[in-house]
Amino acid sequence: MKIVTTKFELKETLREFRKKNISVGFVPTMGALHHGHSSLIKKSINDNDVSVVSIFVNPTQFGLDEDLSKYPRTLKSDLKICEILGVNIVFVPSVEEIYGNDEVKIISPNLSGFILEGFNRPHHFDGVLTVVLKLFHLVSPDNAYFGKKDAQQLILIKKMIENLNLNITIHGLDIVRDEDGLAVSSRNIYLNEKNRKKALALSKAIFKVDSLIKSEIRDIDMLKKEALDLLIDVEVQYLDFYTYDLHIANKLSNCILLGAIKVGTTRILDNLWIE
Ligand code: AMP
């Protein structure tokens with residue numbers, strides 16, 4: 001496994017691989033790797049000749065009042081995980097390697113970029129899309145892998161690929177959960193035992209809706225009410241059914257139930273994709 005920290009080294013390393021006409025898979029992360037990340041990495045390794053993982057805590061996607069300086073950084077164990085999984089190249093750039101001053105940046109779409117997460121974290125997706133585009137240009141992957149857990153992010157990245165005519169296939173992978181049902185997240189370490197129990201309300205609500213749908217309940221308002229009834233003792237930031245292109249859904253097909261709650265200072269996201 002090759003660990004590279006500069007754009008130059010990354011390009012040079014990839015150039016060597018590319019001479020052999022191979023497919024490149026890419027998994028962008030902010031580190032503090034967990035099973036959710038591992039599932040993306042395993043899929044990339046399975047699908048491609050060469051897999052690149054980036055580990056970069058991207059400052060531009062954090063709001064001023066957010067947890068950038070506290071964000072967990074576990075580089076040593078992240079590299080070990082990548083090595084064990086069989087990653088070929090890990091890109092670990094500094095902030096200065098990625099950003100200069102007075103730069104051109106991507107602005108997320110007026111509507112779909114400023115609702116839900118984009119409403120709670122204004123301009124968050126400008127930072128996400130900007131860094132992902134920069135990384136895409138550096139890696140030039142054939143395939144890139146993202147989690148469905150960050151559903152709005154996945155949808156906006158697919159939209160960017162389409163709008164900016166990029167030739168990369170985006171793969172959205174299922175949510176990986178801990179045994180108690182909570183979607184794994186680097187931020188779960190902020191939850192103490194009591195708050196973790198409270199946070200489980202969201203995955204329980206998601207499971208409840210899933211089982212109601214499986215028992216043929218199709219009424220969106222009723223499903224939403226059933227979910228909200230379980231979200232006690234937590235701050236509900238949003239919980240609604242949206243279409244795959246992020247309009248409010250009025251029928252129960254090709255839609256996603258998107259939810260976010262706040263427990264103490266920690267935000268918890270979860271969702272259910274309905275075909
Ligand atoms: P992050 O390091 O939080 O930026 O996440 C990197 C990638 O891992 C993103 O595509 C996330 O959607 C994905 N991811 C994070 N948590 C999970 C999870 N529980 N299941 C599946 N994918 C995840």
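Is asparagine 21 buried or exposed? I looked this up first. Asparagine 21 counts as exposed, because its relative accessibility is 72% and the cut-off for exposed is over 50%. I note that the model is predicted.

**Entry: positive phi values**

I stayed with asparagine 21. Its phi is positive, near 55 degrees, and the residue is not glycine. I placed asparagine 21 in the loop that runs between helix 1 (7–18) and strand 2.

I then turned to leucine 116. Its phi is also a positive value in a residue other than glycine, near 50 degrees. Leucine 116 sits in the loop between helix 4 (95–98) and helix 5 (117–120). Is leucine 116 buried or exposed? Leucine 116 counts as buried, because its relative accessibility is 6% and buried means under 20%.

Serine 140 follows helix 6, and its phi is positive, near 45 degrees.

**Entry: the ligand site**

How many residues surround the ligand? I found 17, and the closest are Met30, His37, Asp150, Val176 and Val184. By class, I read 8 nonpolar, 6 polar and 3 charged residues in the shell.

Next I checked N and O atoms. For methionine 30, a backbone N or O atom is 2.9 Å from a ligand oxygen atom. For histidine 37, the side chain places an N or O atom 2.8 Å from an oxygen atom of the ligand. For valine 184, a backbone N or O atom is 2.8 Å from a nitrogen atom of the ligand. I also looked up the cover: on its own the ligand has 480 Å² of accessible area, and the protein covers 93% of that.

Which elements supply the shell? At least two residues come from each of strand 2 (24–29), helix 2 (35–47) and strand 5 (143–147). Helix 2 gives the most, with 3 residues.

**Entry: helix 6**

I tested the length of helix 6, residues 124–139. The expected span takes 1.5 Å times one less than the number of residues. For the 16 residues of helix 6 this should give 22 Å. I read 23 Å between the end C-alpha atoms, which agrees.

How many of the 16 residues of helix 6 are buried? The count is 14, so helix 6 is largely enclosed by the rest of the structure.

**Entry: the nonpolar core**

I opened the largest nonpolar core, which has 34 residues. Those with the most contacts inside it are Leu10, Val52, Ile98, Val132, Phe136, Phe146 and Ile170. Among the elements that each supply at least two residues of this core, I noted helix 1, strand 2, strand 3 (50–55), strand 4 (89–91) and helix 7 (151–163). Which element gives the most to this core? Helix 6 does, with 10 residues.

**Entry: two further residues**

I located tryptophan 273 in strand 9 (residues 266–274). Tryptophan 273 has a relative accessible area of 24%, so it is partly exposed.

I then found serine 186 in the loop between strand 6 (169–173) and helix 8 (193–214). Serine 186 counts as buried, because its relative accessibility is 9%. Serine 186 and alanine 227 are 41 residues apart in sequence, and I read 25 Å between their C-alpha atoms.

Methods. Residues numbered from 1 in each chain as written. Predicted model: local features only at pLDDT ≥ 70, side-chain atom pairs only at ≥ 80, totals over all residues. Heavy atoms only, no water. Near = heavy atom within 4 Å. Polar contact = N/O pair within 3.5 Å; in protein donor to acceptor, adjacent residues only side chain to side chain. Areas by Shrake-Rupley, 256 points an atom, 1.4 Å probe, with all protein chains shown as cover. Helix = DSSP H or I, 4+ residues; strand = E, 2+ residues; numbered from the N terminus. Nonpolar A, V, L, I, M, F, W, Y, C, P; charged D, E, K, R; others polar. Buried < 20%, exposed > 50% of the residue type's maximum accessible area, 1.4 Å probe, protein only. Core = buried A, V, L, I, M, F, W, Y, C linked by side-chain atoms within 4.5 Å.
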